[in-house]
Amino acid sequence: MITLSAKALGGVVWELFAPFGASAMGEVKHLCLVKFKEEVLVDDILQGMTKLVSEMDMVKSFEWGKDVLNQEMLTQGFTHVFSLTFASSEDLTSYMSHERHQEFAGTFMAAIDKVVVIDFPAVVAKPAPPAAPPGA
């Protein structure tokens, strides 16, 4: 297992996005697919994650969900997804290296059996429709 310090991780994130013009790039997504250990109280992790991101201004949005179809062949055992949106690669780097994230990451990593993490610049292929006006 490779372990990176917060400073090294931030540098890796920056280096990965540099070819895409990181400073001019739009939103950046941080996506985690997770399989929790059987004995883990997933609700405790979800509450901790929600509390963490609510206290961190660089996180633009946070969504999570649980697989509903249970297609083991396709999910490979992954049951949950976490998606964080950042305004820029700098915000993602700041989040990844932040002391509170580092502390929670230890708890999070101890609770999971396996994880896949992908950080990517968001490319909107189909924008969401505009929200209906209040009272419509």
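1. At 28% relative accessibility, Glu27 counts as partly exposed (buried is under 20% relative accessible area, exposed over 50%, partly exposed in between; 1.4 Å probe, protein chains only). Its side chain meets that of Lys60 in a salt bridge, 2.5 Å from N to O (a side-chain nitrogen of Lys or Arg within 4 Å of a carboxyl oxygen of Asp or Glu). Lys60 sits in the loop between α2 and β2, and Glu27 in the loop between α1 and β1, so the pair ties together parts 33 residues apart in sequence. Helices (H or I, at least four residues) and strands (E, at least two) are DSSP runs, numbered from the N terminus.

2. On provenance: this is a predicted model, where local features need pLDDT of at least 70, side-chain atom pairs count only at pLDDT 80 or more, and totals for chains, interfaces and linings use all residues. Residues are numbered from 1 along each chain as its sequence is written, and side-chain values use heavy atoms, leaving out hydrogens and water.

3. The structure holds four salt bridges. Asp113 pairs with Lys35, with the closest N and O atoms 3.3 Å apart. Asp113 lies in strand β4 and Lys35 in strand β1, so this pair ties together parts 78 residues apart in sequence. Lys51, Glu55 and Arg100 are linked in a salt-bridge network.

4. Now the core. The largest nonpolar core has 24 residues; Phe36, Met49, Phe82, Leu84, Tyr95 and Phe108 touch the most other members (buried Ala, Val, Leu, Ile, Met, Phe, Trp, Tyr and Cys residues joined through side-chain atoms within 4.5 Å). Helix α2 gives the most to this core, five residues.
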